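Trainee: Hello! I would like to learn how to read aromatic rings and pockets in a protein model. Could you guide me?

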Amino acid sequence: MNPDILNTEIQEFIIQNLNTDIPALLLKHKAFKGVAMRELAEQIESKRRIKDKLPTWFNNNRIYYPSSKNLEQSSSEITARYKSGLISGKTLADLTGGFGVDACHFSRSFDSVIYCEIDPALAAITAHNFKVLGAKNIRVRTTDGMRILPLPDVDPEWLYIDPSRRHESKGRVFRLKDCKPDVVAHMEFLLKQADHLLIKLSPMLDLTSVINEIKNIKAIHIVAVRNEVKELLLIVEKNFDKDIRIFTRNFVPDGVQAFDFYYSEEEQADLKLDNPSKYLYEPNAAIMKSGAFKLIAERFKLKKLHKHAHLYTSDTPYDFPGRQFVIEDILPFSDKNKLRVALEGKQANISVRHFPMKPDRIKSKFKIKDGGERYLFFTTTVPENRVVLFCRK
């Protein structure tokens, strides 16, 4: 960590060049005294990357940034704030500290937070940022969080783990056993150190596989931001052996869409299939990730167009956690002449659900332009009818 980077003159230079082409900047400008252009370029690139993800960090000119690689797995402020609202207590140990966004938010819901980071340079940067952000109740330990256990001077109520998804030889990985630390292999040891674990996992992981691999899961939180799943959060409790509670959250500009259920409810739900009616519904990404395809229909009194299509319909409009449309017309995909008249040269937003063609192929075939107020769903309805649904929001 180079403290000269925090000088007012250099910070102003960084802000002024956030939108500048970095290779051109490296060639054009001379380095400041005590600061190499390579270091400046790294600060600019990292600050640029977190502008929308971490606005509190971005708007503070005393924040020091690591390389952009260290920011890849960092939580956003939205997801970190959500996590910190789930748990609270006296002491939490963050075993995989990283850039410290989660630890900073946990410091608001715990009396004390122990932040562990094996990389000395990253730990020093994050310790500086904690001071800048006023997080005074965080103790920084420059060590492997797994090796520090059991903590000699504290008995944490909660352990927080965000396993690294970057393998030394395999690059980016998504399987649980390839992440570091391997929480499955260490689960018994971890639950001897604390009664409660909060584990952040890749959104790419299959939920059923996670449930089969990890025991004592009390709750799973699936967190999406603007309909993109960002995190799978597991709350594990020592000796817990009851039904798992699933929480889905989709943070959108005007609020949050929520849908919660017990894991066993999906298997017990009654599903009815039917052809498209007046309204069309598509669950948000968090619900889709949860696999509650029957339960969402039962809860909202909807009928599903096809077992594998994950689109729903009703005669009555509902306030639904996802996208909602009015169906204006339905054409069979087999009637190519009518489709060409209706689609060729027109503007529309294309979605494909359980259909053999990809959107780009459809747009090319019918010369459709992107955008506009019309939404076209190319899908399959019961029993096996391929159709095009013409919809508006």
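Trainee: How many aromatic pairs does the count come to?

Mentor: Keep in mind that this is a predicted model. The general idea is that a pair of aromatic rings is described by the distance of the centres and the angle of the planes. Here the count comes to 16 aromatic pairs. Take Y281 and F320: their ring centres are 5.1 Å apart with the planes at 55°, so this pair is tilted.

Trainee: Which parts does the pair of Y281 and F320 tie together?

Mentor: Y281 belongs to strand β12 (residues 279–283), while F320 is in the loop between β14 (312–314) and β15 (322–332), so the pair connects parts that are 39 residues apart in sequence.

Trainee: Are Y281 and F320 buried or exposed?

Mentor: Both Y281 and F320 are buried. They also belong to a cluster linked by ring pairs, together with F259, F261, F300 and Y318.

Trainee: Which ring does the charged end of K47 sit over?

Mentor: The charged end of K47 sits over the ring of F58, 4.7 Å from its centre. In another case, R245 lies over the face of Y262, at 4.5 Å from the ring centre.

Trainee: Now for pockets. What volume does the second largest pocket have?

Mentor: In general, rolling a probe the size of a water molecule over the atoms shows where empty space is left. The second largest pocket has a volume of about 220 Å³. Of its 16 lining residues, K272, K301, L302, K303 and T313 are the closest to its centre.

Trainee: How many residues of each class are in that lining?

Mentor: The lining of the second largest pocket has seven charged, five polar and four nonpolar residues. Both α13 (295–300) and β14 supply at least two residues each to this lining.

Technical notes. Residues are numbered from 1 along each chain as its sequence is written. This is a predicted model: local features need pLDDT of at least 70, side-chain atom pairs count only at pLDDT 80 or more; totals for chains, interfaces and linings use all residues. Side-chain values use heavy atoms; hydrogens and water are left out. Rings of Phe, Tyr and Trp (its six-membered ring) pair if their centres lie within 6.5 Å; planes under 30 degrees apart count as stacked, over 60 as edge-to-face and the rest as tilted. Helices (H or I, at least four residues) and strands (E, at least two) are DSSP runs, numbered from the N terminus. Buried means under 20% relative accessible area, exposed over 50%, partly exposed in between (1.4 Å probe, protein chains only). A charge sits over a ring if NZ of Lys or CZ of Arg is within 6 Å of the ring centre and within 35 degrees of the ring normal. On a 1 Å grid over the protein atoms alone, a cavity is a set of points where a 1.4 Å probe fits but cannot get out, and a pocket is an open set with protein on both sides within 12 Å along at least five of seven lines; lining residues have an atom within 4 Å of a point. Grid points are joined across faces, edges and corners, and a volume is the space filled by probe spheres set on the points. Ala, Val, Leu, Ile, Met, Phe, Trp, Tyr, Cys and Pro count as nonpolar, Asp, Glu, Lys and Arg as charged, and the others, Gly among them, as polar.
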